[in-house]
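Let's take a friendly walk through a protein model. Please have a look at the sequence and the structure below before reading on.

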Amino acid sequence: MGRELTKQGLPRPRQEIWRSYVEEWDRALRAANHPETTRYNYELAVTQLGGFLGGDELRRVIEENGHRVREDDSDAAEDPTDVQRRHVEWFITWMLQTRSASTAVNKYKALQQFFRYLVDEGEMRAHPMDRMHQPSVTEKLVSVLDDQQVGALLDACSGKDFLARRDTALIRLLFDTGGRLAEVSRALTSELDMQRDLLIVHGKGDKYRAIPFGAKTGQALTRYLRVRGRHQAADLPHLFLAQRGRRTLTPNAIKIMLRRRGREAGIPGVHAHQFRHTLAHEWQLQGGNESDLMAIMGWASPEMLRRYGKSAAAQRAQHSHRTLALGDRI
């Protein structure tokens with residue numbers, strides 16, 4: 001789909017008018033102190049909508065749903081102020097078909113913000129998503145990793161070269177701290193305290209927090225820092241570097257690395273969020289203090305305890321069922 005990137009790596013539509021509005025909106029988001037990750041996700045959704053309206057997928061979705069393409073649909077493809085409710089609904093339908101319900105919800109929320117900005121600025125008379133319902137999401141249990149699987153992942157990273165040391169440190173840090181992918185990927189060497197075994201991360205809502213890590217993670221980081229010091233990009237501020245060139249390791253590169261290491265370890269579909277769920281799962285399973293877990297994970301709402309604790313609750317329930325053995329009474 002039609003997409004470009006700014007020098008800062010933010011997505012932009014190819015259509016000139018769409019691009020100009022997204023540039024204006026980005027300025028407003030920066031003025032409101034929204035973090036870069038939020039800006040990226042918001043602007044990606046708008047860019048994807050613009051590309052969808054200007055591409056072949058629009059016609060396919062319309063026709064599959066028994067409708068005909070209208071002449072004014074081309075207007076929306078050129079100018080976001082011409083977008084109507086049906087355009088957003090078709091886009092969300094396409095997201096549900098090609099991505100997931102949770103992704104569709106995220107796009108829905110981002111587009112709400114974009115069109116609210118256009119209405120507030122007087123560029124649109126009415127919000128095109130008024131009375132439009134958010135897609136429903138079936139809440140699923142995120143699979144957690146057991147110790148054997150994490151061990152297999154670390155075995156897949158065995159070695160003393162840069163790549164082995166870096167990937168080992170990354171996996172141990174994700175597993176030990178439960179840090180978000182964005183937080184770990186943009187961590188700075190200056191925010192790593194090897195004396196107190198702490199990593200300062202820049203989390204959601206522009207908030208910083210200190211996450212402790214254990215001795216084995218500290219050892220893995222020490223070994224990585226040693227080989228990092230010989231890297232051609234050693235002077236860059238970010239903790240994790242790409243294998244070649246003067247580049248930092250992006251979140252997408254970490255996703256690719258985890259999938260590759262997962263395949264090598266015989267564990268398909270490994271992703272960073274599994275480590276976060278695994279920490280929350282084990283913490284609650286072992287009866288850890290919930291307030292402490294909220295602080296470690298950077299949660300402001302107790303609702304997140306319930307969401308992330310579902311797998312631990314399910315495991316406790318299964319254990320209770322086996323212990324009580326009510327079905328064996330007769």
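Predicted model: local features only at pLDDT ≥ 70, side-chain atom pairs only at ≥ 80, totals over all residues.

Residues are numbered from 1 along each chain as its sequence is written, and side-chain values use heavy atoms, with hydrogens and water left out.

**Domains.** The domain assignment, which is automatic or taken from a database, gives domain 1 (16-121) and domain 2 (147-321). Their C-alpha centres are 33 Å apart.

**Helix packing.** Two packed helices are described by the angle between their axes and the distance between the axes. Helices here are DSSP runs (H or I) of at least four residues, numbered from the N terminus. Axes are lines fitted to C-alpha atoms over the stretch in contact, and angles run from 0 to 180 degrees between N-to-C directions.

| Helix pair | Axes come within | Crossing angle |
|---|---|---|
| H7 (residues 147-156) and H8 (residues 162-177) | 10 Å | roughly 160° |
| H7 and H11 (residues 251-265) | 8 Å | roughly 105° |

How do H7 and H8 run relative to each other? They are roughly antiparallel, a term for angles over 145 degrees. In this contact (heavy atoms within 4.5 Å), H7 supplies Asp 147, Val 150, Leu 153 and Leu 154, and H8 supplies Thr 168, Ile 171, Arg 172 and Phe 175. Five of these residues are nonpolar, one is polar and two are charged. Here Ala, Val, Leu, Ile, Met, Phe, Trp, Tyr, Cys and Pro count as nonpolar, Asp, Glu, Lys and Arg as charged, and the others, Gly among them, as polar.

Ala 152, Leu 153 and Ala 156 of H7 touch Arg 261, Gly 262, Glu 264 and Ala 265 of H11.

**Two residues.** Is Thr 177 buried or exposed? Thr 177, part of helix H8, is buried because its relative accessible area is 1%, and buried means under 20%. Its side chain reaches the backbone oxygen of Leu 173 at 2.6 Å and the backbone nitrogen of Gly 179 at 3.1 Å. Beyond neighbours within four places in sequence, Thr 177 is in contact with Ile 211, Pro 212, Phe 213, Leu 279 and Ile 296.

Lys 109 lies in helix H6 (residues 101-120). Lys 109 counts as partly exposed at 41% relative accessibility, partly exposed being between under 20% (buried) and over 50% (exposed).

Definitions and conventions:
Helix = DSSP H or I, 4+ residues; strand = E, 2+ residues; numbered from the N terminus. Buried < 20%, exposed > 50% of the residue type's maximum accessible area, 1.4 Å probe, protein only. Parallel < 35°, antiparallel > 145°, perpendicular 65-115°, else oblique. Polar contact = N/O pair within 3.5 Å; in protein donor to acceptor, adjacent residues only side chain to side chain.
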